[in-house]
Amino acid sequence: LEWPRFPTRRRIVMNDSLQSQYGYGGFALAADRQRVLRNTYWLLALSLGPTVLGAWIGVSTGLFRAMSGGMSALVFFIGAFGLMFVIERTKNSAAGVVALLTFTFFMGLMLSRLV
C-alpha cells in the first residue's frame, strides 16, 4: 500500500473566464474595493454632521434634560430600535441613507443628556 503523491510545486489556477465573469480577477477587484472603501468613509464623514447638529440642538434647547430617567430611556429605546428597523427595511435604496442620517441625528440628541 503506497501513499498518494500530491504535487508540491504545481499551482492550481481557476479558469480565467470564471474569474473575470464573477469579478475575482486583478484590477477590477482592486478598483471595486477602493470604491466601496471610499464610499464607506464618505458616508461616515457625512453622518457626523447630523450627529453634531443633534447634540447642539439638544444641549441648546435642553429638550431631554426635562425628561425623567425612565421616560428618556423609553424614548431612546423606541427611537433607536424603530430607526434601526427603518434602516434595515430601506438599506438598498436612497431612503436608507436618509434613515441613517436621521438615526445619527437622534443619537446626537440623546447624547446631549450627557453634557
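Hi everyone. The chain we have here folds into four helices and zero strands, where helices (H or I, at least four residues) and strands (E, at least two) are DSSP runs numbered from the N terminus. Read from the N terminus on, the elements go α-α-α-α.

A word on the model before we go further. It is a predicted one, in which local features need pLDDT of at least 70 and side-chain atom pairs count only at pLDDT 80 or more, while totals for chains, interfaces and linings use all residues. Residues are numbered from 1 along each chain as its sequence is written, and side-chain values use heavy atoms, with hydrogens and water left out.

Now the overall picture. The chain has 115 residues, and 20% of them are buried; buried means under 20% relative accessible area, exposed means over 50%, and partly exposed is in between (1.4 Å probe, protein chains only). The accessible surface of the chain is about 9,500 Å², and carbon and sulfur atoms account for 67% of that. These areas come from the Shrake-Rupley method with a 1.4 Å probe, and for residues only the protein chains shown count as cover. As for contacts, meaning heavy atoms within 4.5 Å, take those between residues at least 6 apart in sequence: 72% of them join residues at least 24 apart.

Let's go inside. Which residues form the largest nonpolar core? There are eight: Phe64, Ala80, Leu83, Phe103, Phe106, Met107, Leu109 and Met110. Helices α3 (69-89) and α4 (94-111) each supply at least two residues of this core, and the largest share, five residues, comes from α4. A nonpolar core here is a set of buried Ala, Val, Leu, Ile, Met, Phe, Trp, Tyr and Cys residues joined through side-chain atoms within 4.5 Å.

Why does Leu109 count as buried? Because its relative accessible area is 10%. Leaving aside neighbours within four places in sequence, Leu109 is in contact with Gly54, Ala55, Ile57, Gly58 and Phe64. Leu109 and Gly54 are 55 residues apart in sequence, yet 4.6 Å apart in space, C-alpha to C-alpha.

Finally, please turn to the outside. Tyr41 sits in helix α2 (residues 26-61). Is Tyr41 buried or exposed? Tyr41 is exposed, because its relative accessible area is 54%. Together with Leu37 and Leu44, Tyr41 makes a nonpolar surface patch of about 330 Å².

Terms used. Patches are made of residues with over 30% relative accessible area and no salt bridge: like charges are joined within 9 Å, nonpolar side chains (Val, Leu, Ile, Met, Phe, Trp, Tyr) within 5 Å. A salt bridge is a side-chain nitrogen of Lys or Arg within 4 Å of a carboxyl oxygen of Asp or Glu.
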